[in-house]
Amino acid sequence: MVARPRFHLQFLPLRGILCEIAGTDVQIPPMPTELTIALLQAASRKRTEFGDFQTPAGLARQVCDAVRSRCPSPASLLEPTCGRGAFLVAALEAFPSLRNAVGLDINESHLGIARAALGRVEHAAARSLLHEDFYRADWPRLLAGLPEPLLVIGNPPWVTNSALGSLGSSNLPRKSNFQNHSGLDALTGKSNFDISEWMLIRLLELLRGRQAVLAMLCKTAAARKVLVHAWKHKLVSSAELRHIDAQAHFGAAVEACLLVCSIGGAVQGPQASVYGSLPAPQPDRVIGMADGRLIADLEAYERVRHLAGESPIRWRSGVKHDCARVMEFHRVGGRFRNGLGELVELEDEFVYPLLKGSHVAAGRVTEPTRWLLVTQRTTGDDTSRIRQAAPKTWAYLERHAEALDRRASSIYRNRPRFAMFGIGEYTFAPWKVAISGLHKKLAFAVIGRHAGKPVVLDDTCAFLPCGSAEEAEFVRGLLDMEDSQTFYSSQVFWDAKRPITTEILNQLD
């Protein structure tokens, strides 16, 4: 009798993953748990590195239907990251006018599957599948041979440059801060971008002067950034966004859309219609540029545009420290328990009641349950003064110095040890009007002192410092007025990671 290999149960799910990597079915031999885990990690890393979310055939067909009104009879089709060819197949089926169809991908296995799929489509168009890296392809030469109108369609990678950098990936454009952010914006994350953002801007620049339509699936936030760049540099004549259910199609919990840009037609100005779904016949609203800013609802903004200006009191962000387990506490009698479960004694001078964004959004602002160790009064303060003023607090900081020194954000570089950010005299104002930047509602709260001390806010909050309860209540009354709410809501993109920012809040005069 010939012994049959026994399959490890925990290895069976790897069949689908390995098949995806290889682009074909494979025989699964018996394998130890350690190798199973290693292969799973490698597969996950590969998918992340290349943002590899293959487009379902049904979604590709829906996209082609949605694009038809803008590009009814394309002569050429280009898919810059074609994967297994779902868009190439759908477009060939949808557009009999096509004379050329070109697809590029970095994955040879995917191209093999795409080649087989295209072979089953009856169409007179010439087809060409190229094993090319998007960042190194000779795009001017490739585009020069394609007759117009040109339809550029696809689903570029949904991954950020910082995520790829953390993997040590080489699958990156040459410049990471391609929007040229500088100073604080570059340090605090605005220089991070979706790879698709870089790709789409590059394609729009290459298509300048051509008769073309670009239709790409991407994160909605990335689509808006692409449009701002395109409007600034006059790269598109008109545009629209059509929302898709990324969770249903890709299992991705992110707001996503089909971005459709027309190039070479009559210019309609810096605005784009936003549709609730791919087949929606009418837009929900129109976004666009006004007063140098991207506006979420142009019609609503026009009604309250007279309120635009500059806030006489500057909105501030709360305290940023990036080490909650060490710096935040619950009070237990006369002592403090940190996030590590340690019960410690600290001098009162540097410990303040703390409210987080979730507390502010829920209106739980009168009885803070957390406390924050605040090491500075203003950014740049010498923290070594704590050694003399509060020796117990200094000893505590030194015990946890390794964790604080490991804080990854570059804002702490070349600053005093144990430094914080978002610190100033405004932090210690006795009254504040605050709002959570992360929650999807315009709910302003008045916050007073607690236990004889000013309440500080974390960096998910924005606030106005006030000198008295009367001033705070008056300011909140102004902010709660219908026109004020309309002014802010017309500028807020509720699907953003942080919908409400100090930049938006400071626009109200």
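## Terms and basis

Two strands count as paired if DSSP finds at least two bridges between them. Helices (H or I, at least four residues) and strands (E, at least two) are DSSP runs, numbered from the N terminus. The model is predicted: local features need pLDDT of at least 70, side-chain atom pairs count only at pLDDT 80 or more, and totals for chains, interfaces and linings use all residues. Residues are numbered from 1 along each chain as its sequence is written, and side-chain values use heavy atoms, with hydrogens and water left out.

## The sheet

An open sheet of mixed pairing is formed by 10 strands, in the order β3-β2-β1-β4-β5-β7-β6-β8-β9-β10. Because β3 (126-131) and β10 (293-295) stand at the edges with a single partner strand each, one side of each has no neighbour in the sheet.

## Strand β6

Strand β6 (residues 238-244) pairs with β8 (residues 271-275) in the parallel sense over 4 bridges, and glutamate 240 stands opposite serine 273 in β8. With β7, β6 runs antiparallel, joined by 7 bridges; leucine 241 has leucine 259 of β7 as its bridge partner.

## Helix packing

Helix α5 (residues 108-119) lies across β2 (100-105) and β3, running at about 170 degrees to β3. Angles run from 0 to 180 degrees between N-to-C directions, with axes fitted to C-alpha atoms, for helices over the stretch in contact (heavy atoms within 4.5 Å).
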